[in-house]
Amino acid sequence: MILANCTGMLVENLDIRNADVGILIGFSSKNTIRSNNFSDNGVACIHLEYSSYNIIVSNSFSNNMNAAINLEYSSYNKIAGNSIFKYSSIDLHYSSYNKITGNNISDCFGIYLDDSSDNIITGNKISSSVIFMTRSNNNVIAGNDILGSGVFLFDSSFNEIVNNDILDNEEGIQLDCYSSYNIIMRNNISNNSIGIYLESYSSNNVIYLNNFINNAESVYSFESTNVWNSTSQMTYTYEGRTYTNYMGNYWSDYTGSDADGDGIGDTPYAIDGDADKYPLMKPQENYFLPAPSPTPTPTPTPTPMPTPTPIPAQIFDTGRPENPYPSISGKFVGTIRTNTKIIAKKLYTYACEGTGGHTEYAIICNLTWCAEAKWEGYKGDWMNISFNRTVVLMPHETYNITIVTGSYPQIHHTHSLKTENGFINCTEFTDANGKKYNDWIPAIKLW
């Protein structure tokens, strides 16, 4: 089946077998391919070229010899809820801003990115399969279960590997051939032959708040120098007391002591020629502010009570910039710090006039939690995206925020922006052409 220059097509409930290419899509957008079965096919079951904003969801792939889903020069597509078993894979070549989420992938090559940047791989169950990147930057690998093969980066930098369970692999995470400036944080890396394998000048990676548990060898590091703790001091609660310090990783084979009881080891954890200078005494989930106890519901009273004056909701709003141009889609990485408590469930994006400017994906994190929001396409209230949990920003604490924008959002052209309720700062904005800025902040509202 070939779809060329098509928009709004629905392909569903097909059984495609023994074909070279099952469905070929070219120069097409906003099509949906769902609930199809692909088996015993050759080159590719679903192949996209120069196609965007398509949805590939709830399909089943088994015993296919090559790619289950292959994207070339294709962006802003969503690959979700598919089952991929035996031999095949999800391949991205020269493709960006795609979302690969909630797929069940087992006994096959896995997910392969080649010269593909700014993609999001989240919430997948990957067994006896690998996430492999070559020459691919600024991707997010978050919240996946990875068992049996691991994550492998080759000549790939500025990626985020966060909140994954990486278990029972030969190498849990391998960085090779100048894979640098990646962030590896809050992962459970357990029961692997080698937890993290670093070589060939893969340096300047920031690796902290991970749990290294029962690995035969926690780290192998050759010709690589990396940062094994947070790059700034963090405030945390450990065994009922609050401290501020740099924070490293938890190592189940660490034998050092903690004389002052702050949860940070007194001696470094040796890593070949490197070291974690601030090793955690317990797994990272033990370092957090406990949730407050719920307030009891007051006993009703027959005495009439006056109606309280409503308290205005606290929101975080950058407002509209005086001049939103230039603007382009891209990936914003920065921090938020508020001066009052903010409670939000949605993120709103200010669009440039006459465009479909919006946010494709957003994630806000602190030491103990992450909240994600994902765009569902141009339908309904598409300028708002909803978080998967309520976002609570406490005053004077710093939160990391990543926003992947689509189309043309309004942009504040400044490194740091003061708002009514705090600050938002730009660490880096990478536009769709790969150009980087440190003074581009998307105009948004958390509410």
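# Terms and cut-offs in a predicted model

Mentor: Asp 272 is placed in the loop between β33 (269-271) and β34 (274-276). The model is predicted, so local features need pLDDT of at least 70 and side-chain atom pairs count only at pLDDT 80 or more, while totals for chains, interfaces and linings use all residues. Residues are numbered from 1 along each chain as its sequence is written, and side-chain values use heavy atoms, with hydrogens and water left out.

Trainee: Why is Asp 272 called partly exposed?

Mentor: Its relative accessibility is 49%. Buried means under 20% relative accessible area, exposed means over 50%, and partly exposed is in between, with a 1.4 Å probe and protein chains only. Asp 272 therefore counts as partly exposed.

Trainee: What is the phi of Asp 272?

Mentor: About 50 degrees, positive although Asp 272 is not a glycine. Most residues other than glycine have a negative phi, and most peptide bonds are trans. Asn 163 also has a positive phi, of about 60 degrees, and is not a glycine. Asn 163 belongs to the loop between β21 (160-162) and β22 (165-167), and at 30% relative accessibility Asn 163 counts as partly exposed.

Trainee: Which peptide bond is cis?

Mentor: The one from Tyr 325 to Pro 326, with omega near 0 degrees. Pro 326 lies in the loop between β35 (316-317) and β36 (330-338).

Trainee: How do you know that β5 and β8 pair?

Mentor: Two strands pair if DSSP finds at least two bridges between them. Three bridges join β5 (residues 32-34) to β8 (residues 55-57), and the two run parallel. Thr 32 has Ile 55 in β8 as its bridge partner. Both strands belong to an open sheet of 10 strands with parallel pairing, ordered β2-β5-β8-β11-β13-β15-β18-β21-β24-β27.

Trainee: Why do β2 (10-12) and β27 (206-208) stand at the edges?

Mentor: Each has a single partner strand, so one side of each is left without a neighbour in the sheet. The twist averages 5 degrees from one strand to the next; axes are lines fitted to C-alpha atoms (for helices, over the stretch in contact), and angles run from 0 to 180 degrees between N-to-C directions.

Trainee: Which strands does β12 pair with?

Mentor: Among them is β9 (residues 60-62), joined in parallel to β12 (residues 83-93) by three bridges, with Ser 60 opposite Ser 83. β10 (residues 67-72) pairs with β12 in the parallel sense over five bridges, and Ala 67 has Ser 89 as its bridge partner. β12 and β14 pair in the parallel sense over nine bridges, where Tyr 87 stands opposite Cys 108 of β14.

Trainee: What makes a group of residues a nonpolar core?

Mentor: The members are buried Ala, Val, Leu, Ile, Met, Phe, Trp, Tyr and Cys residues joined through side-chain atoms within 4.5 Å. The largest core has 50 residues, of which Ile 90, Ile 111, Val 151 and Ile 173 touch the most other members. Strand β14 (residues 104-114) gives the most to this core, with four residues. Apart from it lies another core, of 30 residues, including Leu 347, Tyr 399, Ile 411 and Leu 417.

Trainee: Why is Ile 424 called buried?

Mentor: Its relative accessible area is 0%, so Ile 424 is buried. Ile 424 lies in strand β44 (residues 422-431). Leaving aside residues up to four places away in sequence, Ile 424 touches Phe 316, Phe 332, Leu 417 and Ile 441, among others. Contact here means heavy atoms within 4.5 Å.
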